[in-house]
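Please examine the following protein model.

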Amino acid sequence: MHNKKVRGENKKMKHLTFKGGIHPPYSKELTSHLETEKANAPSLVAIPISQHIGAPCNPIVKVGDRVLVGEKIGEAGGFVSSPIHASVSGTVKAIKDVPSVMSGNVLSIVIESDGKDEVHSSVSPKGKIETLSAKEIVEIVKEAGIVGMGGATFPTHVKLSPPPDKKIDTFILNGAECEPYLTDDHRLMLEEPDDIVYGLRAMMKAVNVDKAFIGIEDNKQDAIEAMIKATQEFDNIEVVTCETKYPQGSEKQLIYACVNKEVPSGKLPMDVGVVVNNVGTAAQVAKTIKTGMPLIERITTISGSAVKTPRNLLLKIGVPIKEVIEQCGGYTDDVGKIIMGGPMMGLAQHTDEVVITKGSSGIVVLNTDEAKAQQESQCIRCGTCVEQCPSFIEPLHISSYSRHNAMDLAEEYRAVDCIECGTCSFGCPAKIPLLQAIRVAKQHIIAKRRK
Amino acid sequence: MFEKLTVSSTPHILSKNTTSKIMTHVVIALLPATLGALYFFRLEAAVIIFLSIATAVLSEWGIQKIRKQPITINDMSAVVTGLLLGLNLSASVPWWIPVIGSAFAVIVVKQIFGGIGQNFMNPALAARIMLTISWTGRMTNWISPGADAVSTATPLSYVKGFNVIPENAPRIFDMFIGNIGGSLGETSALLLIIGGLYLVFKGIISYKVPLAFIGTVAAITLIYGGFDFSFMSYHVFSGGLMIGAIFMATDYSSTPITMKGRIIFALGCGIITSFIRLYGAFPEGVGFSILLMNMSAPLIEKYTRPRVFGGGKQNA
């Protein structure tokens, strides 16, 4: 059928996954078959100045200004930062605090749409991969405000600018999508595989590597097929079929699955010569190069038992999620928890007035029964957390030390190596909030080291 | 619409597994052996097992009531302890033996050390050893199965001091199905293995632990017996090896947390069991071996800590 060799088809190959991990209920069937639909044009958007890891950006518009689609409205506040752009055309109504997805409030530029979606003059095709230089590609990515769209929101241009002493030899695209419920990457791989490959090739040129892998979990056979087809003519891009197992899409675990290398403790992927980006990020890079349109919209999966009609929607950055849920038939009568992102690592929200940001891969709404806190009991030392931890640390000990304020011991037991995937808390039969306690220790230790 | 939203730390979904489900699986896994005990030893077995379980649950309830702690009898762990102890007793013991044993197991060995997950010894096993030391005669008065129960020796006492099976010893097939003298639940290797397979299938225990324990005993007795397979089988299917290897050496609380540590634990159990049986003063060594290894568990755990992903300095 395909003359291209696909890694992972031979199940005997061991390193196409990682050690540990879990099989949570995936609940992807709610939306995986639903085509991405363009959401209704919003009447008002609130675009936060901080949607990424790093310094917030600085607003460069004033209340009353007329802005156009794709126009830059916030300038990056440093190298590790990212600009923001208007996602609609209209008038800046306010620059004020709105509830943030992360916690507390965030300064946001509120734009009232004029419904015309008039495009700004700066938005024009940037050229072709062949003619653009590596430096130009990085600059395009930076100016377009592109950040990791899998949810981590690390500015992409920083990843594409490794220090000269780090030799990068491999690019990995993350199409694992191991979070339950989420299907936005899955749909993207089915619907826009050529853009993903185009963006990947542009980023490969930017960091001067000629070997790439696209890692996809084997529960998305149709996406694997689509990506194999799209990479047919590029011998240097391999599609890697990974085992369906959480957290397969975690950066370090995916690197291990694809190239059988462990990122050393406390180091970054580039220390093993790898740059990892999400498939959504690659598609955005392609769109920006082809049309010049910066990152102003993204695909988000809206799912969960408390949403009437789960959907995959193409949404403008800055749309309040309340409005998004309304387009999904609204809530059911029984809403317990609203999660931005997936249920394993996403953030629970206290209000639905938060807005879609660059990292909004999903909105998952659970009912009160699913959201109910579970009664914790004593650890029975079953060893499940140790067996399943993908970082090979011992969650039961670290969480216990943390809760007894024995942070030195938590540090000795390597709390800082925790990737916060939540595998331990998920599997614990005693329902101990292991990750929560480990996170406290981790923050304490990192704060202490900074001093 | 909603009035209140739950905001909590990740993850937002949890597995369906619970402590009481795990303990219930262990009870289910012990059912074949329990039914076997009722079949082989009739009413005596029923009374002993009932008293043992009832005392264990009541002791847990009582001590937690006295100490004003939350009552945790619903987690089923007291039932497991009571049932395991009952199956470890001879059909001939008087009624107060299971009562004292269970109360000791739950109050002294389990609750005083902090309750479930905190006991450093297997409670049922510690109780059996305590009873054996205190009332040696009553605890080792084994009777033969059946309605006309008569005092008999356990299979292991026949081979004590030999490296071949004496002519008058029970047949290996009888030992396999449990038609021999011994404690209520330890006699039938077959029924215990069925329970063990259930636990492995349900993911409650790893097959590696019982296999390492039994395998070590098999290897050592095979060498000792001059590669006589029937001598080896005799040792493997007799005494408390099956119940110990499947249900006690796999106890979570009193064994190391890592799989590597648990296998080392099982190897240690196998070695000590074999040496007590072959060279020691007692015919049987499973109980002592597990308790001795229970005490080494924290040390084994310390030296088998996993290598953290990405390496880096260990034990910082």
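Predicted model: local features only at pLDDT ≥ 70, side-chain atom pairs only at ≥ 80, totals over all residues.

Residues are numbered from 1 along each chain as its sequence is written, chains are lettered from A and ligands numbered from 1 in the order in which they are written, and side-chain values use heavy atoms, leaving out hydrogens and water.

Me: How much area do chain A and chain B bury between them?
Reply: The contact (heavy atoms within 4.5 Å) takes 62 residues from chain A and 44 residues from chain B. Buried area is the accessible area (1.4 Å probe) that two parts lose on being put together, summed over both. Carbon and sulfur atoms carry 56% of the total, which is about 4300 Å².

Me: Which three residues supply more than any other three of the area that chain A buries against chain B?
Reply: Their share of the area that chain A buries against chain B is 17%. The three residues are A:Ile380, A:Arg381 and A:Arg414.

Me: How many residues of the lining of the second largest pocket are charged?
Reply: A pocket is an open set of points on a 1 Å grid over the protein atoms alone, where a 1.4 Å probe fits, with protein on both sides within 12 Å along at least five of seven lines; lining residues have an atom within 4 Å of a point. The second largest pocket is lined by 45 residues, and B:Met259 is among those nearest its centre. With Asp, Glu, Lys and Arg counted as charged, Ala, Val, Leu, Ile, Met, Phe, Trp, Tyr, Cys and Pro as nonpolar, and the others, Gly among them, as polar, the lining has 17 nonpolar and 16 polar residues, while the number charged is 12.

Me: Which residue of E14(A) stands opposite A:Ile302?
Reply: Strands (E) are DSSP runs of at least two residues, helices (H or I) of at least four, numbered from the N terminus, and two strands pair if DSSP finds at least two bridges between them. E13(A) and E14(A) run antiparallel and are joined by six bridges. The residue opposite A:Ile302 is A:Arg311.
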